Amino acid sequence: MVTHVTAALLLSACAGAPPEPATTPSDPLAALTRLSLDLRGVRPSTAELEAVAADAQALDPLRAAFFEDPRLAEQVVAGFAEVWNTVRDETEHPASALGLEDEPGFARAVGEEPLRILAEVAMQDLPWTEIVTADWTRVDAQLALVWPVELLEEPAADGWRRARYTDGRPAAGALVSNGLWWRYETSENNASRGRANQLSRILLCRDFTLDLVAFDRSLDLSDEEAVRAALHDNPGCAGCHSTLDPLASLLGGVYVTRKSGVEELLRYHPEREGIWRTQTGVPPSYFGLPAEALGDLGQRIAADPNFIDCAVQQSAELLLRRPLTLEDTDKRTAWREQFLDSGLTLRSLWEAIVRSEEYEEGAKLLTPALLSSMIEDLTGFRLLVDGADLLRTSTYGLATLAGAGDGEFATGVAQDWSATLVLVQNRVAEAAADHAVRVEPSRLLAVDPTAELDYDALREAIAALHLRVLSRAAAESELEALSTHHAEVARLSGSEAAWVSVLTVLLRDPELLVY
Amino acid sequence: MILLLAACATGDGAGQGTAADSGQEVQTPAAWDREDDAQPADHDLTVLQDALRSGIAALVVLDPTLLFQAYADSLGHGTESCPGLFPSVGVMTAWSADCTTPEGWGFSGRGQAAWFPSLTIEGRVFAPYGEFINSSTITHPSGAALLMDGSGMIEGWSEGSVDLLRASLLGTFAFTGGETEDWTDPGWLAAGPSVALDVERSEEGSGRTTSLEGGISGAFAEGIVAVRAEGLAVEEDGSCTATGALVLVGEDGQHYRLELPEGCVACAELLRADLSHGDRALGEACFDLSPLVAWTERPW
Amino acid sequence: MSPSRRTLLASLGAAALGSTLPRRARAATPSQRRFLFLTCFGGWDPTRVIVPAFGDEAVDLEPDAEPLTVGASRFVDHPDRPGTRSTLDRWGHRLALVHGFIVPSVAHMACLQLLRTGATSGRPDWPAILGSASTGGEPLPHLVISGPSYPDALSPFVARTGSGGQLEALIDGSIVGRTGRTPPVVPGSVRDLEDALVAARRLGAAQRAASPGHRALLDGHLSAEARVQALQAAGAGLRWSSSGSFQDDAMLAVELLAAGICRCASVAHPGLWDSHSDNDVYQSLLWEETMIALGAVLDAMHGTEGPAGGSLLDETVVVLLSEMGRTPLLNSTEGKDHWPYTSALLVGAGVAEGASAGAYDPGLLGARVDPASGLPDEDGEVLTTLDLGATLLTLGDVDPAEWAPTGAPLQSLLA
C-alpha cells in the first residue's frame, strides 16, 4: 500500500513536472459546475456530472433545466442584492415595534421585498420593465401581517406571494416597495436627493456622487438661501442638480424622515406628493420629461434605454464577476439586442450571457451566500445563530469577513482570497464535514462511515465523494493520497473520524470555492 | 521514478464544445417598445364627487391648534420623572421616555415642542406660537391615546390691520379611544390622518383668505385615499373666489385633478391623469370651498 | 516552488518567529512604520479643537471657547472638555495638522471614499496600500477593527475583526459553538495531515488550472493560507475583541500593532458626527470622547515596545480624520451643515512635531498653499485628499506616484 508520505511525494513530484496543457475553457464539467452554482446555488449532482462526462452534449438540456429551476429565483435575489443593497442585518425599527418576533427574519424580509419583485418578474418571464411598473409587490408571512396590502394569492414554495398595496401607491413595482425606502432614508435638508441618486444608481447605472463637485469659492456655502439658488444657477452645482432635484421631487409620496416612527414608515403618503414645493422647490420631471409622481417615474424609467443598458451591465457583471470594459462593447451590444428580442425577459438575458465565451473563460470565487447554499446542499449543514445564517449576515456574521459587502461601507464582493476567507472556509469545512458524516451520513456517503472497508470499496467511496464535492473525478494520484489519508486517520482516530477528515480536506480545497 | 511520473498523469476532462457566439449582426440599440400598460380603472364620478365633498370638509376642519393644545394639555399631567423634561433650549421643551405616571398617563417616544397662546419674540407678538418635532404616543388613563409622528409649526401675528396665521403639519397624527373628560376633544384627530399641509389665513376687516398647499390622507369615499390642494387660495371679500387645483388620489394610485374656476361654489371638469395615454375628462364635479373662509370666530 | 511563494512563506515565517526573539532597540525605518487610522464619520467641526478660528467673524465658535497654545501649535480649549485639555497638554506639542484640504463632494459616502482613497471609486484606501507594501510579514497587513474600508483589488491584504468578535471566534474555532453545536475536536496530528494534504492538492489544482485566472486565484489561496498560519502562530494569547467603544477599539488596535499582527489598523468612532442640529452640544461630546481616547492611545503607544524595538509611538503614524467639515455658521436649528473643507491630525513616526500644512481663508475656505512649505501662497493650490494621501504614503515608504499621482507630499509635515 502506498503510504501517506509516498502519496505526498507523488503529488509534490507532480508539482515539478511540466504542466499539463490547460483544459480548454469549454471543459464541460467545469462549465456545468459554473452554471449549476450561478443558476441554482448548488453543485451539480453526481448523475448530472456523469451525464456530461459521458457526453458533453448533455450540457445543453441541463442548462435549460437550470433556467427552469425554482432556485434560480434565489440567485436573482442574491445577485441583485449586491446592487440594490437593501438587505441589512437590522432594520431601523425592529420587528417588535410591529408586534413581530422574528427579528432577523423580519430584517431580511424587508430588505428582500424589492428583490422578490425582481425575482418574480424574472421567473415569470415578464418584461423587465415590470420591476418599475408592476401593480403588485411580494410579501412573506411577516410582511403580510404588517404591510398595508391585500394578499393576491397563496404563498409559493419560497413562502412569498404577490400582494397589492392599498394605500394609494401607484403601480410602480419596486419603486414603491416599503423595503426600498426603509433602506434609503432622507431628511428635510436632503429633500430626497440621496434617494433619487440611489434610484439612478440602481436602475440607470448613473451615480451622481461619483462626480466630483467643483465648489465655486465665490459662493457662500454657509448661506442656505444662496446655496438653494446655486443649485440651479451655478454651473458647478446645476450640472447634477438640474436633473437630480426634479427626480427627487417625484418622491414626495414616500417622504418620511429618519426621525419618523414606524407608523409613518408603513404607509405611502399621497398627500405628500406635492411636498417638492417646500423642499426642492423644483417641479418634478424625469431628465426633462414631464412626470408628476412615482407612478410616472416608473413609466419613464421603463421607457428609458439606459434602464435596459443598465440591466444588461448589472447582469453581465454579476455573472462574470468583473466590471465590463470597452473591450466588452460588442458583446454587451449583442446581449442587449438579445434582451430586447426576448421581450426583456431576464432569463433570456442571463442565458445569453452564460452561453458566451466571456462567461466560460472566467474564473471567480464563490460569494459567501453561494458558499452557504452549496455547503447546505452538500452536507445539510448551515452556520445558524438565532435563526441568522452567519454566511449571509455581516454585523455579527461572517459575510463581510468572507468577502461580501456590508451595504454600508463595503460594497461589492471581493474576488480575491483573504486570510479571513480561508479561515471561514476552514471552519465551515470542519463543521460541515463533521455534520455530514456524523449526523446525515447518507447524504454524501454511499457507505457506512463506521464500517471498515476493503481497499477497493474505500477507493470507490472516496472517488464518489470527490466527484460529488468537487464536481470532477479524482486523478489516480489524488485518489491514492486520499485513501492513504483515510487509512492513517482511521488508525489514529477511527473510521468515522477518517471520513470526517477526508471530507474536511475536500471542503477545504480551494477548488471548492473557485469556479 | 516511472511510477512517480505515471502518477502525475492528469485525469481527463478536457471536454469540447463552446457556447458559440450567436453570429447576430450588432444592431443599433433601440428603445423598448412598451405595450400600453393597463391602467387601474377610473372611479365612478359619483364616488369622486363624494370624495371631493368629504375631502374639502376634512381640509376645513383641520385646525392645527387642536393638536398643539392636546399635546400641551397632556404634558400638564406629566411628572418630574415621567416624561421628565430636558432643560429648555430656547422655547422648546423636550423629552424622551417610555413611562407611566402614578396617575396613569403614559409617555412613550420622544417629543420636542413649544406651545404658547401668546409669545413675544424680539418684540414681535405671536398669538399663538407653536412648533414640534415628535415621535410620541401619549396615553390617557382611560386608554385614549394621542399619536404624534412628525413635525409642525403655527404662528399668528398681526401686520397693521391684517391678522395672519401660518401653520404647517407633516406627519401622522391620531387620537384614539374616544372622548375623555380631562383631555382634548378628538376632533379631526379621530380620523388619524397623515397630513402634509401648509396653511395660511388672513383676516382684514370683513375680508378673509385661506391658502392651502398639500393634503390629507384618509378615507374620503370608496377607494379614494387622499385629497390634495395645489396652490389653493380662497378669498372672501363680499364675494368668494378660489384659484388653484384639487387632486384626489385613489387607492390604486389613480390621480384626479380639478382645476378651479374662479367661483368658490362651482363645478369644473374632473380629469384623470394618465401619462401614457394623456389626461382624459370624466365629467363635471361640483364643490363648495366657501367654508374655508366662513368662520364666525377667527380660528386662531 | 516559485520564488515568490518561497519568499512569502519565508517572510511570514520570520514574522511569526520574530515575535518570540529578544529585540535590539532600533528605530523604525519608513518601510517599517505602522499606521493607525482613526476616523470620525459624519463630518466633524474642527473649530471645536484643532482649528482656532478666533477672530474670524464668519465662523460661529462656541461660547466660552478660548485659544490654547501648546508648543508651536494653537488649539481650542473649552471648560466642558477637560479631557481634551489634558491630552493637548501632554501631546499637543507633537501633533501635526493639515488644514483646509478640500473633499469635493457633500455626500457622506462619497466624501469618505475620497478621504481614504482620493477618488470616488475604483481605488484602494491608504491603509490597504500601505499594508500591501509591507515587508514586515504581518499576517493581516491592514486590519479593520471598525469603520470603513475600501480594499478594491487589495482585498487579500485586508481583514476585519468583526463587531461581534468574529475573527477571534474563527481563529480559536469557537465560531461553530455559537450555533449551539459542539465544535468538532480535531487532534493536532490529524490536522497536520489535513494541512499537508490540502497544500498538496492545491499544487495539483494550480497545475490543472483551466486559465491564468484560475491559476491566479489558486495562488491567492496559498498566500492567504500562509497568512492564516502566521496569524495562528502569532495570535495566541492576544486580545481580538473590544467593548465597541472608540477608545477600546483604538487600544485593541494598539495591542495588535505592537504584536506585529498588522501594519495598518483602522478604527472608526461609533457615533455619527453629522450635527445638522445642536452642533455645539453634539460636537463637544464627540470631540471630548475622541481626544480622551487619542490621549490614551498616545500614552499607551509611548509606553509600549514596538516590533522594531523602539516605542510603538516612534514606529507608528497615528492619523485622525473626518470626511468633511461643517459650515462655519450655525443654521436655523443650531446645527452646522456639510462643508467640503476640513482638517486632519497626524502624530508619530516621521511626523514633524508641531508642524502644520495648509490653512483656512476667512469663512473656513481652504487657502491656496505651497505644498512644500504648507504655507499660504496665492499661486498655490488648495490642498486635496490626494496631497494627504501622498503624505501618508511617503511616510510609509510607498511611492505616491502610483496611487496618488496628482498629490504632493506635504514636506512641512515630514520630519
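## A residue in a helix of chain B

Let's start with one residue. Q49(B) sits in helix α2 of chain B, which covers residues 45-61. Keep in mind as you look around that this is a predicted model.

A285(B) is 236 residues away from Q49(B) along the chain, yet the C-alpha atoms of the two are separated by 5.8 Å.

## The sheet in chain C

Now turn to chain C, where eight strands make up an open sheet with mixed pairing. From one strand to the next, the twist averages 20°.

For a detailed view, find strand β5 (residues 142-144) and strand β7 (residues 264-268) of chain C. These two run parallel and are joined by three bridges. Within this pair, L143(C) in one strand stands opposite A265(C) in β7(C).

Helix α9 of chain C, residues 279-302, lies across β1 (34-40), β8 (316-322) and β11 (341-348) of chain C. Its direction is at about 175° to β8(C).

## Two domains in chain C

How is chain C divided into domains? The domain assignment gives domain 1 as 27-164 + 241-413 and domain 2 as 186-238. Taken over C-alpha atoms, the centres of these two domains of chain C are separated by 37 Å.

Where the domains meet, eight residues of domain 1 of chain C are in contact with nine residues of domain 2 of chain C. On the domain 1 side, the residues divide into six nonpolar, one polar and one charged.

## Where chains A and C meet

Finally, look at the contact between two chains: 67 residues come from chain A and 74 residues from chain C. Elements that each supply at least two residues of the chain A side include α1 (4-16), α22 (476-493) and α23 (495-508). The largest share of that side, ten residues, comes from α19(A). By class, the side of chain A that touches chain C holds 37 nonpolar, 16 polar and 14 charged residues.

Notes
Residues numbered from 1 in each chain as written. Chains lettered and ligands numbered in written order. Predicted model: local features only at pLDDT ≥ 70, side-chain atom pairs only at ≥ 80, totals over all residues. Helix = DSSP H or I, 4+ residues; strand = E, 2+ residues; numbered from the N terminus. Pairing = 2+ DSSP bridges. Axes fitted to C-alpha atoms, helices over the stretch in contact; angles between N-to-C directions. Contact = placed C-beta atoms within 7 Å. Nonpolar A, V, L, I, M, F, W, Y, C, P; charged D, E, K, R; others polar. Domains from an automatic or database assignment.
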